[in-house]
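The sequence and coordinates come next.

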Amino acid sequence: MATGLVIAYYLLPMDQPLAAGTTAGLVLGLLAVTALFLWQVRAIVRSPHPQLRAVESLTAVATLFALLFATSYFLLEHDTAGSFSEPLSRTDALYFTLTVFSTVGFGDITAGSTTARVMTMIQMVGGILLAGVAIRVVVSAIQAGLRRQGKKDP
């Protein structure tokens, strides 16, 4: 699934202006990631192989989360040049997203506008929640799935 999402990111047309719809799209996208995550938790509990399902689920959710922000950054830079320290290609936007998500922050690409900084801060908070809360919820779902099957917790 993650590979298909990345391929779609590179192939889907992204030539529409940013406008207010993109902010709404980001918010709706974050709600969709949350809904996907909750649906995946339910699937983990019911899966005959909850650990494997958990890895698949976290991979899909993290990929969708990253691509959502990469798309937003790409569209923002193309709508409002100078939002970042350099023009962003799709790969540059994905690279920036992953450096923020991984907390590496090389500093070669930086958010230059207020909008870009706010979006980056939202990504930072979301990444912390994804890494902390989501992983804890998934571990609990694995344990519930194993208990449901009568197996011992890992």
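## A loop residue with positive phi

Thr103 has a relative accessibility of 69%, over the 50% cut-off, and therefore counts as exposed. Thr103 sits in the loop between α4 and α5. The model is a predicted one, and in it the phi angle of Thr103 is near 65°, which is a positive value in a residue other than glycine. For context, most residues other than glycine have a negative phi.

## Overall architecture

The protein chain contains five helices and zero strands. Read from the N terminus, the order of elements is α-α-α-α-α. Along the principal axes, the C-alpha atoms fill a box of roughly 55 × 30 × 25 Å.

Of the 154 residues in the protein chain, 38% are buried. Counting contacts between residues at least 6 apart in sequence, 69% join residues at least 24 apart.

## Packing of α3 and α4

Two packed helices are described by the angle between their axes and the distance between the axes. Helix α3 covers residues 50–79 and helix α4 covers residues 90–101; their axes come within 8 Å and cross at roughly 125°. Because of that angle, α3 is oblique to α4. The crossing of α3 past α4 is right-handed.

On the α3 side, the residues that meet α4 are Phe65, Ala66, Leu67, Phe69, Ala70, Tyr73 and Phe74, while α4 contributes Arg90, Ala93, Leu94, Phe96, Thr97, Leu98 and Phe101. By residue class, this contact of α3 with α4 consists of 12 nonpolar residues, one polar and one charged.

## Packing of α4 and α5

The axes of α4 and α5 are 9 Å apart, and the two helices pack at an angle of about 55°. The pair α4 and α5 is therefore oblique. Here too a handedness can be given: α4 passes α5 in a right-handed crossing.

From α4, the contact uses Phe96, Thr97, Val100 and Phe101; from α5, the residues are Thr120, Gln123, Met124, Gly127 and Leu130. The residues of the contact of α4 with α5 comprise five nonpolar, four polar and no charged.

## The largest nonpolar core

In soluble globular proteins, nonpolar side chains tend to be buried together. The largest nonpolar core of this model has 35 residues, and the members that touch the most others are Tyr9, Tyr73, Phe84 and Ala93. At least two residues of this core come from each of α2 (19–46), α3, α4 and α5 (114–149). The largest share is that of α3, with 11 residues.

With neighbours within four places in sequence left aside, Tyr73 is in contact with Phe84, Leu88, Ala93, Phe96, Thr97, Met119, Thr120 and Gln123. Among these partners, Phe96 and Thr97 also belong to the α4 side of the contact with α5.

## Phe96 in α4

Phe96 lies in helix α4. Its relative accessibility is 4%, under the 20% cut-off, so Phe96 counts as buried. When residues up to four places away in sequence are not counted, Phe96 touches Tyr73, Phe84, Ile109, Thr110, Ala111 and Thr120.

Phe96 and Gly82 are 14 residues apart along the chain, and their C-alpha atoms are separated by 15 Å.

Gln40 is placed in helix α2. With a relative accessibility of 6%, Gln40 counts as buried because the value is under 20%.

Val61 is in helix α3. Its relative accessibility of 1% is under 20%, so Val61 counts as buried. Beyond its neighbours within four places in sequence, Val61 is in contact with Val33, Leu36, Phe37, Gln40 and Leu130. Between Val61 and Leu130 there are 69 residues of separation in sequence, while the C-alpha to C-alpha distance is 8.8 Å.

Note on methods: Residues numbered from 1 in each chain as written. Predicted model: local features only at pLDDT ≥ 70, side-chain atom pairs only at ≥ 80, totals over all residues. Heavy atoms only, no water. Axes fitted to C-alpha atoms, helices over the stretch in contact; angles between N-to-C directions. Helix = DSSP H or I, 4+ residues; strand = E, 2+ residues; numbered from the N terminus. Parallel < 35°, antiparallel > 145°, perpendicular 65-115°, else oblique. Left-handed = near helix turned anticlockwise from the far one by under 90°. Contact = heavy atoms within 4.5 Å. Nonpolar A, V, L, I, M, F, W, Y, C, P; charged D, E, K, R; others polar. Core = buried A, V, L, I, M, F, W, Y, C linked by side-chain atoms within 4.5 Å. Buried < 20%, exposed > 50% of the residue type's maximum accessible area, 1.4 Å probe, protein only.
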